[in-house]
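Please look over the sequence and the structure below before reading on. The paragraphs that follow lead from a surface question to pairs of charged side chains, and then to one helix.

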Amino acid sequence: MSVVVYTEFEEGKFKKTALEVASYAKGIANQMGTSVIAITFNADDTAVLGNYGVDKVLNLKEEQLNTFVASAFAKAIAEAAQAEQAKVVVLSSSANSNYLAPLLAVHLKAGYASNVVALPTSTDPFTVKRTAFTNKAFNHTVISTDTKIIGLSKNAYGLKEHEGAATEEAFSVSLGEDDFGVKVENVDKATDKVTIADAEIVVSAGRGLKGPENWEMVEEMADILGAATACSKPVSDLGWRPHSEHVGQTGKPVAANLYIAIGISGAIQHLAGINASKTKVVINNDPEAPFFKAADYGIVGDAFEIVPELNEKLKAFKASNS
Amino acid sequence: MKILVCISHVPDTTSKINFNSDNTEFDTNGVQFVINPNDEFGLTRAMWFKEKQNATVDVVNVGGPETEPTLRKALAIGADSAIRVNTSALDGYQVAKELAKVAQDGGYDLIIAGRESIDYNGGMVPGMLAGLLGASFVNKCIALEVEGNSATAVREIDGGKETLSTTLPLVIGGQKGLVEESDLRIPNMRGIMMARKKPLNVVEPQGADAETKAASFEKPAPRGDVKLAESVDELIEMLHNDAKVI
Ligand SMILES: Cc1cc2nc3c(=O)[nH]c(=O)nc-3n(C[C@H](O)[C@H](O)[C@H](O)COP(=O)(O)OP(=O)(O)OC[C@H]3O[C@@H](n4cnc5c(N)ncnc54)[C@H](O)[C@@H]3O)c2cc1C
């Protein structure tokens, strides 16, 4: 019996979400009195996983797996989970993990709960709390299969360090041509920017900014705070910003520690996408804007005056507090 | 090309979410149901294949009779026929198994589902369906072209996008981007009249089991009142000392 966790290794290091899912897997392993086994692909150095509660790492060295292919990754993780008699398999909510998890569930004939936000409230019956209705509610889900798959929401559990060391073992799987039926032709990734998916801070702006030419001050704030930029739906519909920045019920969910909304009214569809964020700050010139009812902090005023001043003062604050 | 579009019947995006008195069920009182927004993009992309490449388009839903108006709407938008698998949707796995049966029986080349339904947000039906069928799968699909037996798709990744090539049969989890929002079809009078005459076939379920159960629901705790800053300095002070986020 074990808890298996898939830890994503990209661009020479483990993703922060990999350390978060490892921390979470350790939490479950403690509840169940068992150990944590991480599976990873082509990692150079796996030692760091030991600091987050992993006991053993199966490091699969396979050139074909240098590029992410969901079906092949799902099969490899399934074989590792079976070999380790996994009771629970934990994954993150990255685009890749969300992609492979349902395929993995079919391989393992396992029930799968995505968007999980906390440790199981009970391990028998196995019950987890997950978000539903795009963050407008929570749902306590019972998974009844022998093996359970959990997709952990970002930033929901956090990093928990442990004293410990992980041993590494080589692991190999039998992959055939069939497992690579979908081929990656081209990857187009903005590498120098913080992405919404990984960001702890998100600076978002809406139609109140009047036009794409006014986004410089939003990007400047994101630079100062090390944040990702985002926007409301009309802004991406109007082509002021790329679709990939559209946040909300029909866009991306944001589970950041800090979400700053500039010139966004706070329509229910927008709020649904950001409810999972911890601290929400609103800058809006309309004191009646619905966003103020959903926010923790706010300032009523014109974004074109407040944002430049805030940027200057944040810069000074950062300089004197670093 | 034979296309099957999976249609989830979901509360419309402006719905206030409520549960029954013991919090075990979603309260549908006063709730308007619509085609899941992610599926709407897929349905419109399917109409494009129908018009430009002579594809046939069927739509399917796993659900009780109450979902028929949603299927009729899809017919009014232009689908050729509809299938309703006559059972309640219990979880993603059960729905995927029922859909796999329909897909197999109909011999579809392309199956379009939404990346997730906006009610339970499981994000599992398209992937499980592909896994059960042994078909190719592309999730978070934002562009799709099909030529003969080959497909090119673009999917969203964290911080960018990726172009993929594959062969049919293919299942996609689609979303906004598959077509422009301004191109989404709205049923017109002629479509609505025609939809009345199109077949809506009710098939009995194979009786697949669910593997998960939504045992109870809970609403987020109400938040305290917003704290308003009078000045930018005060806002920074609040974020640093009170919220401790900067
Ligand atoms: C099916 C469906 C799905 C949807 N999904 C989403 C979704 O996923 N995400 C989403 O965001 N929306 C979604 N919407 C749209 C949503 O209903 C709202 O229309 C949208 O969120 C409004 O965007 P906004 O706040 O940027 O613009 P507006 O509603 O125009 O609000 C602009 C705000 O800026 C403020 N403002 C104006 N000038 C200034 C200034 N100088 N300084 C400071 N503040 C200023 C105004 O007071 C106002 O509050 C959806 C709608 C539908 C029908």
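Is B:Asp105 buried or exposed? B:Asp105 is exposed, with a relative accessible area of 57%, where buried means under 20% relative accessible area, exposed means over 50%, and partly exposed lies in between, computed with a 1.4 Å probe on protein chains only. This is a predicted model, in which local features need pLDDT of at least 70 and side-chain atom pairs count only at pLDDT 80 or more, while totals for chains, interfaces and linings use all residues. Residues are numbered from 1 along each chain as its sequence is written, chains are lettered from A and ligands numbered from 1 in the order in which they are written, and side-chain values use heavy atoms, with hydrogens and water left out.

Side chains of opposite charge can pair when their charged atoms come close. The term salt bridge is used here for a side-chain nitrogen of Lys or Arg within 4 Å of a carboxyl oxygen of Asp or Glu, and by this rule there are 28 salt bridges over all chains.

One of them joins B:Asp105 to B:Lys101, with the closest N and O atoms 2.8 Å apart. Both residues belong to helix H3 (residues 92-106) of chain B, where they are 4 residues apart, about one turn of the helix; helices are DSSP runs of H or I with at least four residues, strands are runs of E with at least two, and both are numbered from the N terminus. B:Lys101 is partly exposed, at 37% relative accessibility.

A second pair is formed by B:Lys227 and B:Asp242, whose closest N and O atoms are 2.7 Å apart. Because B:Lys227 lies in strand S13 (residues 227-228) of chain B and B:Asp242 in helix H6 (residues 232-242) of chain B, this pair ties together parts that are 15 residues apart in sequence.

Another salt bridge links B:Glu156 with A:Lys252, the closest N and O atoms being 2.9 Å apart. This pair crosses between chains, running from strand S8 (residues 150-157) of chain B to the loop between helix H5 (233-237) and strand S16 (258-262) of chain A. B:Glu156 is buried, with a relative accessible area of 10%, and A:Lys252 is buried as well, at 14%.

Finally, consider helix H1 (residues 16-32) of chain A, in which 13 of the 17 residues are buried. Just after this helix, A:Gly33 takes a positive phi of about 65°.

How values were computed. Expected span 1.5 Å × (residues − 1).
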